[in-house]
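Please keep the sequence and the model in view while reading.

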Amino acid sequence: MSQAFITYIKENYSEEEIPLEIGAGYESTKYFSEHFKKMYSVEDKSKFCNLYHSNYIQVDLDANGWYNSEDLKQALPTDYTFIVLDGPLGGFDPPFKKQEGKIFRSGFVKVSWDYIKKDVDIIVDDIIRNGYDWYELEVVAFLKNENYSCVDKGTFCVCSPLTK
């Protein structure tokens, strides 16, 4: 997580907001748990769960490397106010082109698009990461087609629905 990302969150989201972090970790989850009164983190790796807050949603990955769709759908909360897409790693069956061996988040729109809230900001992290950004940029392109306004912030992109 870049300093620009932290600054953006501090300046644009109050502590009352409730992030849904897709892909937990050490740094981002720690920061979010210190800034927000409540948050959710979706994660498949147990080593990242229950480190900083009590609202982790552990969901195994399916055979394609994405969160198990039915498990995620059942566990997903309804009170989150924005989404941070920062995982999972892996997966080889997106709605776009197949390229093995890349950090791969375009599956977000295939796995969870039907049941996530559409009236919230979606922040796509890691849009510039040494050639591993192709999939993140595909998510941004998808969101633009779904009537989101997306603003490139350097290492991340903030996509807001044009109608809330």
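In which loop is Leu51 found? Leu51 belongs to the loop between strand 2 (40–43) and strand 3 (56–58), where strands (E, at least two residues) and helices (H or I, at least four) are DSSP runs numbered from the N terminus. This is a predicted model, in which local features need pLDDT of at least 70, side-chain atom pairs count only at pLDDT 80 or more, and totals for chains, interfaces and linings use all residues. Residues are numbered from 1 along each chain as its sequence is written, and side-chain values use heavy atoms, with hydrogens and water left out.

Leu51 has a relative accessible area of 38% and is therefore partly exposed; buried means under 20%, exposed over 50%, and partly exposed in between (1.4 Å probe, protein chains only).

Thr29, a residue of helix 2 (residues 27–35), counts as buried because its relative accessibility is 0%. Leaving aside residues up to four places away in sequence, Thr29 touches Glu21, Ala24, Met39, Ser41, Tyr52, His53 and Tyr56, contact being heavy atoms within 4.5 Å.

The interior contains nonpolar cores, that is, sets of buried Ala, Val, Leu, Ile, Met, Phe, Trp, Tyr and Cys residues joined through side-chain atoms within 4.5 Å. The largest has 31 residues, and Tyr80, Ile83, Phe108, Trp113, Ile122 and Leu143 have the most contacts inside it. Helix 5 supplies the largest share of this core, 4 residues. Apart from this core lies another, of 14 residues, including Ile9, Tyr31, Met39 and Phe82.
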